[in-house]
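Student: I would like to learn how to read a structure with the sequence beside it. Could we go through some features together?

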Amino acid sequence: MARTANNLARQLKESGEKGYQPAQRREVAANQEQAESPVNHQRIAIVGTLVDTMLGFRGELIREMVTAGHTVFAFATDYTKETRAAIREMGAEPVLYRMGQVSTNPLGDIAAVWQLYRLFKRHNISLSFCYFSKPSIYGTIAAKMAGVPFRVAKIEGLGRIFTVGPKGDSFRKRFVRKLMIRLFRFSLPMAHRLLVLNQGDKEDLESFGIRSPEPEMLGGIGVCLERYSFRPPITDPVRFIFIGRLLHEKGVRYYIEAARALRRSYPKTEFILLGAPDAKPGAINRDELKQLVEEGLIIYPGLVKDVVPWLADSSVFVLPTYYREGVPRSTQEALAMGRPVITTSMPGCRKTVVEGENGFLVPPHNQAALEKAMLRFIQEPELIRPMGLASYHLARERFDVREINKTIFRLLDLNPVHLK
């Protein structure tokens with residue numbers, strides 16, 4: 001497994017594809033390619049993993065690209081008849097491919113590169129836009145092999161492999177992290193643009209030796225401010241809300257323990273939990289959710305497709321994550337709707353809170369600090385509305401998806417005339 005990056009390079013070379021070149025010739029070719037920019041009509045491959053993420057978090061960008069006259073191919077790994085139709089309604093073409101989200105099987109990864117290479121060739125892709133770590137690695141390699149003229153990699157948080165747990169890391173995790181760093185070093189220099197969402201990720205990538213292309217910081221993927229519009233927060237009762245995957249890394253257990261501690265003294269306080277149950281170790285599964293609801297500890301409505309009504313009926317958003325986030329989308333949605341935020345001082349979360357103005361930052365893994373911050377809103381509910389208004393203004397300043405899309409269009413050298 002430690003030789004995966006080297007094996008990948010060797011086997012791609014042995015496959016006879018002319019897109020692979022030795023390091024010296026690759027550097028010359030990269031310099032020539034960087035002088036070229038996509039102009040006018042583009043055939044764009046947006047390469048992600050899960051289609052729900054594509055629809056929910058990339059929808060505005062896809063629509064903007066289509067409106068600008070470009071042909072967009074949406075690459076995802078789990079299409080259904082319904083999601084294919086939803087992508088086509090946006091004006092894009094769904095493309096199914098295979099890639100394991102957390103697999104470290106080198107043969108599977110090589111197969112994904114080969115499949116993406118053939119799909120890029122088949123669809124005559126002129127611009128690749130790969131987001132998340134694995135698509136950025138393998139999609140960029142495939143785009144290089146296929147001769148895609150302009151290649152973009154977007155790292156939206158370093159993810160689970162770079163997340164340090166409360167008890168430190170296992171040997172296996174440290175081992176896989178070293179492997180990922182080697183893969184980053186091998187693949188990301190093949191991109192013409194490398195985008196990140198927070199300063200911590202930029203600094204980490206540079207510390208790995210990735211300086212060409214220089215990581216450029218976007219600051220968030222943004223939200224539609226028309227859809228997530230301001231609603232005055234609820235103050236009686238004080239109602240906290242957690243939205244996210246029910247994984248330990250997202251801080252869900254810290255949130256539940258805080259709810260258990262605070263309800264002893266403040267039984268009228270309410271705690272909403274939104275997210276799908278998960279079978280991963282340390283996650284909240286269906287049986288545990290049922291027990292928590294029966295205890296009266298949390299409000300859990302089951303799977304929710306639209307979080308807007310739940311945010312509108314809440315007081316304060318809480319995300320005590322220690323995951324290596326990009327910038328959490330759920331937090332951006334809460335800001336846009338005018339909710340004070342309690343979150344951690346992790347790199348992906350710092351930009352969402354101005355301490356004491358729209359919420360509070362707490363150290364990761366610090367249960368006492370989390371409960372103290374939540375208690376502040378219970379004891380001083382008059383803070384909720386002014387801090388919520390400050391969150392709304394912060395969202396307009398930093399997380400308007402239309403402004404962020406303008407920046408992406410500029411970085412991709414796409415025609416932004418239609419973006420008013």
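This is a predicted model: local features need pLDDT of at least 70, side-chain atom pairs count only at pLDDT 80 or more; totals for chains, interfaces and linings use all residues.

Student: At what angle do the axes of helix H10 and helix H14 cross?

Tutor: Two packed helices are described by the angle between their axes and the distance between the axes. Here the axes of H10 (residues 252–265) and H14 (residues 367–379) come within 10 Å and cross at roughly 55 degrees. H10 and H14 are therefore oblique to each other, since angles under 35 degrees count as roughly parallel, over 145 as roughly antiparallel, 65 to 115 as roughly perpendicular and the rest as oblique.

Student: Which residues of H10 and H14 make the contact?

Tutor: Contact means heavy atoms within 4.5 Å. On the H10 side the residues are Tyr 254, Tyr 255, Glu 257, Ala 258, Ala 261 and Leu 262, and on the H14 side they are Gln 367, Leu 370, Glu 371, Met 374, Leu 375 and Ile 378.

Student: Is Leu 158 buried or exposed?

Tutor: A residue is called buried under 20% relative accessible area, exposed over 50% and partly exposed in between, using a 1.4 Å probe and protein chains only. Leu 158, in the loop between S5 and H8, has a relative accessible area of 3% and is therefore buried. Leaving aside neighbours within four places in sequence, Leu 158 is in contact with several residues, including Ser 133, Phe 184 and Arg 324. Ser 133, which is found in helix H7, also counts as buried, at 12% relative accessibility.

Student: With which side chain does the side chain of Lys 134 make a polar contact?

Tutor: A polar contact is a pair of N or O atoms within 3.5 Å; within protein, one must be able to donate a hydrogen and the other to accept it, and residues adjacent in sequence count only if both atoms are side-chain atoms. The partner of Lys 134 is the side chain of Asp 109, at 3.3 Å, and Lys 134 counts as buried at 11% relative accessibility.

Student: Which residue caps the N-terminal end of H9?

Tutor: The cap is Asn 198, with a side-chain oxygen 3.0 Å from the backbone nitrogen of Gly 200. Just after H9, Gly 209 takes a positive phi of about 100 degrees.

How values were computed. Residues are numbered from 1 along each chain as its sequence is written. Side-chain values use heavy atoms; hydrogens and water are left out. Axes are lines fitted to C-alpha atoms, for helices over the stretch in contact, and angles run from 0 to 180 degrees between N-to-C directions. Helices (H or I, at least four residues) and strands (E, at least two) are DSSP runs, numbered from the N terminus.
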